[in-house]
Amino acid sequence: MKVLVISPLASHQPTGGAKRRIYNLLWHLKHEGHEVHFAYTCHEQVNHAGAAQQMAEDWDSVELIPYTGDYTKTQGEDFGVDDWIEPGSGERIAEICDTLKPDIVLIQYVFQSYYCDYIPAHIPKVIDAHDKLSRRKLFEDAGMEAGFFYTTEEEELKGFARADLILSIQDGEASYFAKSGKPVVVAGHFDDTRFVDRRFDSLQKMGVVAAYNKFNIHALEHALPPLLERLDALDSAVEIHIGGNVARAIEIEHPRLIKRGFLQSLEEFYEEMDLILNPTLKGTGLKIKTIEALSFGMPLVSTQVGFDG
């Protein structure tokens, strides 16, 4: 089966939960013998050509569709569901479909649903929702300026109604997506178990792995000060290691706070840690950092929100 994937994020390097979701899902499709063709609409601040080159090593073809817009909102304080669409990109998707003749099209995120109208009617169109994106109030309630894409429920459900099928990453949001009138299938995060080969008989290093986004920054800014204060009170030598690009946003300095930044090897990081923390306080979708830690067999301490889904 030929699968055409339309995505605003590259699947490589999978530095955050959303990118790991995309990569792992597509890797499983390839593993089952399907062709994966990737149309990359470039909605992230990375080297797009470099990302495409990396993806071409794993997928059957990669097409770049650059975005040159200015992210203007058409719904007052929110984005319209089509506000992040490059003019003429629908016609480019139609050309790709005409040449490739895919058996199915998998669209990442509802704000790419515009392309459904440029895909031949006989080809099934599936939207992988990732998150509920009518969520500006969620940011505001946490005292944060809204980030990434956010829209109204009306706009979001209009986008989902364009698809033939919707994938929800967790049960808790499936009923909301079903308000679009389209069938919803819950497809959780695909992650193979790869338990670290070690004993956990002491606590010297606690680790956090997180991407650079406002929810992760907010969580760490709230969790780190009392945690470090408690370690000081106990005169503890335990270190807290921050892995992932979120480290560059953390301004807190402390002798026992180690900002590792981008991790070349998740496996090596988890093998080094004695305990993993997920201090998430807000967010939608499935908390992939929780699934990932458990897939490595790591002891995990998390907020209730971190176990949502």
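The lining of the largest pocket is made up of 17 nonpolar, 19 polar and ten charged residues; here Ala, Val, Leu, Ile, Met, Phe, Trp, Tyr, Cys and Pro count as nonpolar, Asp, Glu, Lys and Arg as charged, and the others, Gly among them, as polar. Before you click, note that the model is predicted, that local features need pLDDT of at least 70 and side-chain atom pairs pLDDT 80 or more, while totals for chains, interfaces and linings use all residues. Residues are numbered from 1 along each chain as its sequence is written, and side-chain values use heavy atoms, with hydrogens and water left out.

**Stop 1: the pocket.** Select Leu9, Phe148, Ala211, Tyr212 and Asn213, which lie nearest the centre of the largest pocket among its 46 lining residues. A pocket is an open set of points on a 1 Å grid over the protein atoms alone, where a 1.4 Å probe fits, with protein on both sides within 12 Å along at least five of seven lines; lining residues have an atom within 4 Å of a point. This one holds about 1,500 Å³ of space, a volume being the space filled by probe spheres set on the points, which are joined across faces, edges and corners. Now colour α1, α2, α7 (214-233) and α9 (288-295), each of which gives the lining at least two residues. Helices are DSSP runs of H or I with at least four residues and strands are E runs of at least two, numbered from the N terminus. Which helix supplies the largest share of the lining? That is α1, with four residues.

**Stop 2: Glu44 and Lys19.** A salt bridge is a side-chain nitrogen of Lys or Arg within 4 Å of a carboxyl oxygen of Asp or Glu. Glu44 sits in the loop between β2 (35-40) and α2 (48-56), 25 residues from Lys19. Buried or exposed? Glu44 counts as buried at 15% relative accessibility, and Lys19 is buried too at 9%; buried means under 20% relative accessible area, exposed over 50%, partly exposed in between (1.4 Å probe, protein chains only).

**Stop 3: Asp78 and Arg136.** Next, select this pair, joined by a salt bridge of 2.9 Å, N to O. Asp78 is in the loop between β3 (61-64) and α3 (89-100), and Arg136 in helix α4 (residues 136-141). Asp78 is buried at 6%, whereas Arg136 is partly exposed at 21%.
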